[in-house]
Amino acid sequence: MSEPCKTETIGHKRPPSKTQFKPGKSGNPRGRPKRKVDMSTALNKAFNDKIVVTGLAKTLTGMEAFVQSIVDRVLQGESKAIPELLRMFAKAKLFKPVPDPTRLTGVVVEPAAYKRDRELGKLGGFYEVSPGMGLYVDPETQEVRTYP
């Protein structure tokens with residue numbers, strides 16, 4: 001081993017030249033570990049990137065194209081897209097569905113008298129479902145209407 005030069009000063013912030021990194025040689029050969037991609041960061045990047053929508057012939061962001069596709073599906077009559085659109089409305093806080101207690105729900109409730117008259121074939125009149133709500137059957141046309 002060679003001894004350090006007498007002209008070389010060694011001390012505070014002056015390491016010996018033989019222990020210093022050689023030119024072109026890194027002190028951290030493996031480097032800094034790569035950052036893991038966060039899912040929310042990736043989604044934000046994808047939704048904010050501009051894309052060209054061929055059907056509309058214009059440039060939209062990913063989020064705008066996503067919303068447009070759901071709206072298009074609803075307008076085409078796809079029933080599975082309606083809950084997706086309502087979830088988007090709820091998240092955007094633009095639209096809050098308010099339950100109307102005077103309207104009948106999607107569940108069909110048939111009063112016992114209505115079932116009996118239907119089996120007998122003599123439908124007609126008002127059939128109460130709950131106080132103030134019910135079904136009215138026109139005796140001549142047999143048209144059923146709901147009344148809150």
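This is a predicted model: local features need pLDDT of at least 70, side-chain atom pairs count only at pLDDT 80 or more; totals for chains, interfaces and linings use all residues.
**Entry 1: salt bridges**

I searched the whole structure for salt bridges and found 5. I then looked up some of them one by one.

I began with Arg 73 and Glu 78, whose side chains meet in a salt bridge with an N to O distance of 3.0 Å. I checked how open each partner is. Arg 73 is partly exposed, with a relative accessible area of 23%. Glu 78 is also partly exposed, and its value is 33%.

Next I looked at Arg 116, which forms a salt bridge with Asp 117. The closest N and O atoms of Arg 116 and Asp 117 are 3.6 Å apart. Arg 116 counts as partly exposed at 48% relative accessibility. Asp 117 has a relative accessible area of 9%, so I noted Asp 117 as buried, the cut-off being under 20%.

I then turned to Arg 145 and Glu 143, a salt bridge whose closest N and O atoms lie 3.7 Å apart. Arg 145 is partly exposed at 31%, and Glu 143 is partly exposed at 44%.

**Entry 2**

I wrote down two pairings across the strands. Val 52 has Thr 59 in S2 as its bridge partner, and Ile 51 stands opposite Leu 60 in S2.

S1 and S2 form a hairpin, with 4 residues between the two strands. In the turn I found Ala 57, which has a positive phi of about 60°.

As background for reading strands, I noted that side chains in a regular strand alternate between the two faces of the sheet.

**Entry 2: helix H3**

I checked the length of helix H3, which covers residues 81-92 and has 12 residues. From its first C-alpha to its last, H3 reaches 17 Å. That is close to the 16 Å expected at 1.5 Å a residue.

Which residues did I find buried in H3? Ala 81, Leu 85 and Met 88 are buried there. Seen down the axis of H3, the buried residues fall within an arc of 60°, so they line one face of the helix. The general rule I noted beside this is that an α-helix has 3.6 residues a turn, so residues three or four places apart point the same way.

I then asked what the buried residues of H3 pack against. They pack against helix H2 (62-75).

Lys 13 is not a glycine, yet its phi is positive, about 65°. Lys 13 lies in the segment before helix H1 (39-48). Is Lys 13 buried or exposed? Its relative accessibility is 74%, so Lys 13 counts as exposed, the cut-off being over 50%.

Gln 142 is a residue other than glycine with a positive phi, near 65°. I located Gln 142 in the loop between strand S4 (133-137) and strand S5 (144-147). Gln 142 counts as partly exposed, at 37% relative accessibility.

Methods: Residues are numbered from 1 along each chain as its sequence is written. Side-chain values use heavy atoms; hydrogens and water are left out. A salt bridge is a side-chain nitrogen of Lys or Arg within 4 Å of a carboxyl oxygen of Asp or Glu. Buried means under 20% relative accessible area, exposed over 50%, partly exposed in between (1.4 Å probe, protein chains only). Two strands pair if DSSP finds at least two bridges between them. The expected span of a helix is 1.5 Å times one less than its number of residues. The arc is that of the directions from the helix axis to the C-beta atoms. Contact means heavy atoms within 4.5 Å.
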